[in-house]
Amino acid sequence: MTARVEAAEESFARQVLPRTAWPLFAQMPVADRRHAIDVAQRLLAAGRDDPELLAAALLHDAAKGHRMRLWHRVGGVLLGAGMPWLLRRLASADPTSRGYPWHLYLHHPALSADAAMAAGCSPRTAAFIRGDAADRDAQAALDAADDAG
């Protein structure tokens, strides 16, 4: 609710991301940018400075966008744990539908990876975002940094 991203943090993201991918990061809601910076900083604190891994950290939630509200996120976690069938039923791939935020919740890793690729990121960065990178150790580090906050 009160998330902020400081100018130095934006500068860090600009340095990590391909120039063409900066707009993808910049258009993310501020709470998602805050979270992405935090994930990247956790990776750096753990000694992970691979630029493609850091780019994945910055863009892993890019597809969530402004349509997915906090209540969709909370509801997605609760429904996913207790009634995943209902979550799937609520989801609609039609961007004009009220069910589209649930679709984003379920499919944001693949959608974010596609958006990152379209914005000029490497296939390896996209694989980290999708969660299926060949470098399982680095993938585990990204997943842990994401889950930590």
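This is a predicted model: local features need pLDDT of at least 70, side-chain atom pairs count only at pLDDT 80 or more; totals for chains, interfaces and linings use all residues.
Helix H4 spans residues 51-59. Seven of its nine residues are buried, which leaves the helix mostly covered. The buried residues are Leu53, Leu54, Ala55, Ala56, Ala57, Leu58 and Leu59. The elements that cover them include H1, H2, H3, H7, H8 and H9.

Helix H1, residues 7-16, packs against H4 with the two axes 9 Å apart and at an angle of about 125°. Angles over 145 degrees would count as roughly antiparallel and those of 65 to 115 as roughly perpendicular; H1 and H4 are therefore oblique to each other. The crossing of H1 past H4 is left-handed. On the H1 side the contact is formed by Phe12, Ala13 and Val16, and on the H4 side by Pro51, Leu54, Ala55 and Leu58. Sorted by class, this contact consists of seven nonpolar residues, with no polar and no charged ones.

Helix H8 covers residues 123-130, and its axis comes within 8 Å of that of H4, at a crossing angle of roughly 50°. This pair, H4 and H8, is therefore also oblique. H4 passes H8 in a right-handed crossing, whereas the crossing of H1 with H4 is left-handed. H4 contributes Glu52, Leu53, Ala55, Ala56 and Leu59 to the contact, while H8 contributes Arg124, Thr125, Phe128 and Ile129. By class, the contact of H4 with H8 contains six nonpolar residues, one polar residue and two charged residues.

Within H8, the buried residues are Thr125, Ala126, Ala127, Phe128 and Ile129. These residues pack against H4, H7 and H9. Just after H8, glycine 131 adopts a positive phi of about 90°.

In soluble globular proteins, nonpolar side chains tend to be buried together. In this model the largest nonpolar core comprises 36 residues, and those with the most contacts inside it are Leu17, Phe25, Leu43, Leu58, Leu59 and Leu142. Two or more residues of this core come from each of H1, H2 (22-26), H3 (30-45), H4, H7 (100-118), H8 and H9 (136-147). H4 gives the largest share, seven residues. There is also a second, separate core of seven residues, among them Leu79, Leu87, Leu104 and Tyr105.

Leucine 53 lies in helix H4. Its relative accessible area is 1%, and buried means under 20%, so leucine 53 is buried. Apart from neighbours within four places in sequence, leucine 53 is in contact with Leu43, Arg48, Phe128, Ala138 and Leu142. Leucine 53 and leucine 142 are 89 residues apart along the chain, yet their C-alpha atoms are separated by 7.4 Å. Leucine 142, with residues up to four places away in sequence not counted, touches Val39, Leu43, Leu53, Ala56, Ala57 and Phe128.

Conventions
Residues are numbered from 1 along each chain as its sequence is written. Side-chain values use heavy atoms; hydrogens and water are left out. Axes are lines fitted to C-alpha atoms, for helices over the stretch in contact, and angles run from 0 to 180 degrees between N-to-C directions. Helices (H or I, at least four residues) and strands (E, at least two) are DSSP runs, numbered from the N terminus. Angles under 35 degrees count as roughly parallel, over 145 as roughly antiparallel, 65 to 115 as roughly perpendicular and the rest as oblique. A crossing is left-handed if the near helix is turned anticlockwise from the far one by less than a right angle, and right-handed if clockwise. Contact means heavy atoms within 4.5 Å. Ala, Val, Leu, Ile, Met, Phe, Trp, Tyr, Cys and Pro count as nonpolar, Asp, Glu, Lys and Arg as charged, and the others, Gly among them, as polar. A nonpolar core is a set of buried Ala, Val, Leu, Ile, Met, Phe, Trp, Tyr and Cys residues joined through side-chain atoms within 4.5 Å. Buried means under 20% relative accessible area, exposed over 50%, partly exposed in between (1.4 Å probe, protein chains only).
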